[in-house]
Amino acid sequence: MPPLPHDPAELADAYRLAPGRHLRVNFVASLDGAISVDGRSGGLGSDGDLRVFRTLRALADAVLVGAGTAAAEGYRPVLPDSAVGRLRARLGRPGVCPVVIVSRRASLRPDDQLVTAAVTPTLLVTCAAADADQRAALTGAGVEVLVCGDDDVDLPTALDALAERGHEQVLCEGGPALFTAALAAGVVDELDLSIAPLLVGGGLGLLPHALPSPVPAELRQVLHEDGVLFTRYDLR
């Protein structure tokens, strides 16, 4: 089992995708499947997991995340002078990429830092049932609102809309409800799972709800560092 590369270019090569549309999901979890400690994923993280997190963001055309996870983790836009922005430039990529919030209720405040501090507009994926005034307020604040679906978010339609805007390779960072919905919709191509050598117990797991049917996963890669396993699974 090879070690996780320290060189940024080598690490990027280990996770680089072939051209074309691709949805990869990134999570860190404990040995017993917990995805947070005291409500935050940082309690499971390591230096290696942070490097992988930044690398996946550097390689992505857009970062997709549920509104609840964005709020709980204090999401900020990807900026050119951030660690991810500098890594993107080092890898020959644009220094910014949009964050895409998924929310059936359009749950994003116009004064959120994802809106006010973004260099490239934040996108909101919602549905027609979301409050029209809220959608209009977000549009007026500079958010690009994508209405995909009637009573709930239609993820295949959302990914089509992102691809039409040039965002073909999308990184989904959760949370569990969004991951479950994406699996049920059959749109996940890859799961990148960092497995921390911890037992947490209780709390929210990787998949809080049952799937319509089991999803086969083919192990593609395993790297290691300080007891953490960094795995890649093909889901198609």
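Valine 25 has cysteine 172 as its bridge partner in S6. Helices (H or I, at least four residues) and strands (E, at least two) are DSSP runs, numbered from the N terminus. S1 and S6 run parallel and are joined by four bridges. Strands count as paired if DSSP finds at least two bridges between them. S1 also runs parallel to S7, with seven bridges joining them. There, valine 28 stands opposite serine 194 in S7.

This is a predicted model, in which local features need pLDDT of at least 70 and side-chain atom pairs count only at pLDDT 80 or more, while totals for chains, interfaces and linings use all residues. Residues are numbered from 1 along each chain as its sequence is written, and side-chain values use heavy atoms, with hydrogens and water left out.

Stay with S1. Nine of its nine residues are buried. Buried means under 20% relative accessible area, exposed over 50%, and partly exposed in between (1.4 Å probe, protein chains only). His22, Arg24, Asn26, Val28 and Ser30 point one way from S1. Leu23, Val25, Phe27 and Ala29 point the other way.

Leu23 and Phe27 lead on to the largest nonpolar core. A nonpolar core is a set of buried Ala, Val, Leu, Ile, Met, Phe, Trp, Tyr and Cys residues joined through side-chain atoms within 4.5 Å. Of the 31 residues in the largest one, Leu23, Phe27, Leu64, Val125, Leu162, Phe179 and Val188 touch the most other members. The elements that give two or more residues to this core are S1, strand S2 (62-66), strand S3 (99-102), strand S4 (123-126), helix H7 (155-164), S6, H8 and strand S7 (190-196). H7 gives the most, with five residues. Take valine 125. Leaving aside its neighbours within four places in sequence, valine 125 is in contact (heavy atoms within 4.5 Å) with Val100, Ile101, Val102, Ser103, Leu146, Cys148, Val153 and Ala158. A second, separate core has 19 residues, including Val99, Ala106, Ala130 and Val143.

Now look at H8. Its buried residues are Pro176, Leu178, Phe179, Thr180, Ala182 and Leu183. The cover over these buried residues includes S1, S2, S3, H7, S6 and S7. Just after H8, glycine 186 takes a positive phi of about 70°.

On a 1 Å grid over the protein atoms alone, a cavity is a set of points where a 1.4 Å probe fits but cannot get out. A pocket is an open set with protein on both sides within 12 Å along at least five of seven lines. Lining residues have an atom within 4 Å of a point. Grid points are joined across faces, edges and corners, and a volume is the space filled by probe spheres set on the points.

The largest pocket holds about 990 Å³ of space. It is lined by 35 residues, and the closest to its centre are Ser41, Phe53, Glu73, Tyr75 and Glu173. Strand S1 (22-30), helix H2 (47-59), helix H3 (67-73) and helix H4 (83-90) are the elements that give two or more residues to this lining. H2 gives the most, with five residues. By class, the lining has 15 nonpolar, 13 polar and seven charged residues. Here Ala, Val, Leu, Ile, Met, Phe, Trp, Tyr, Cys and Pro count as nonpolar, Asp, Glu, Lys and Arg as charged, and the others, Gly among them, as polar.

The second largest pocket has a volume of about 450 Å³. Of its 18 lining residues, Val102, Arg104, Asp152, Ala177 and Leu178 are the closest to its centre. H3 and helix H8 (176-185) are the elements that give two or more residues to this lining. H8 gives the most, with four. The lining divides into eight nonpolar, six polar and four charged residues.

A search of the whole structure also finds two cavities of 30 Å³ or more. The largest cavity has a volume of about 40 Å³. Its lining is Leu17, His22, Arg24, Leu56, Leu59, Ala60, Gln169, Val170 and Leu171. S1, H2 and strand S6 (169-172) are the elements that give two or more residues to this lining. S6 gives the most, with three. The second largest cavity holds about 30 Å³ of space. Pro77, Val78, Cys97, Pro98, Val99, Ala118, Val119, Thr120 and Thr122 line the second largest cavity. By class, that lining has seven nonpolar, two polar and no charged residues.
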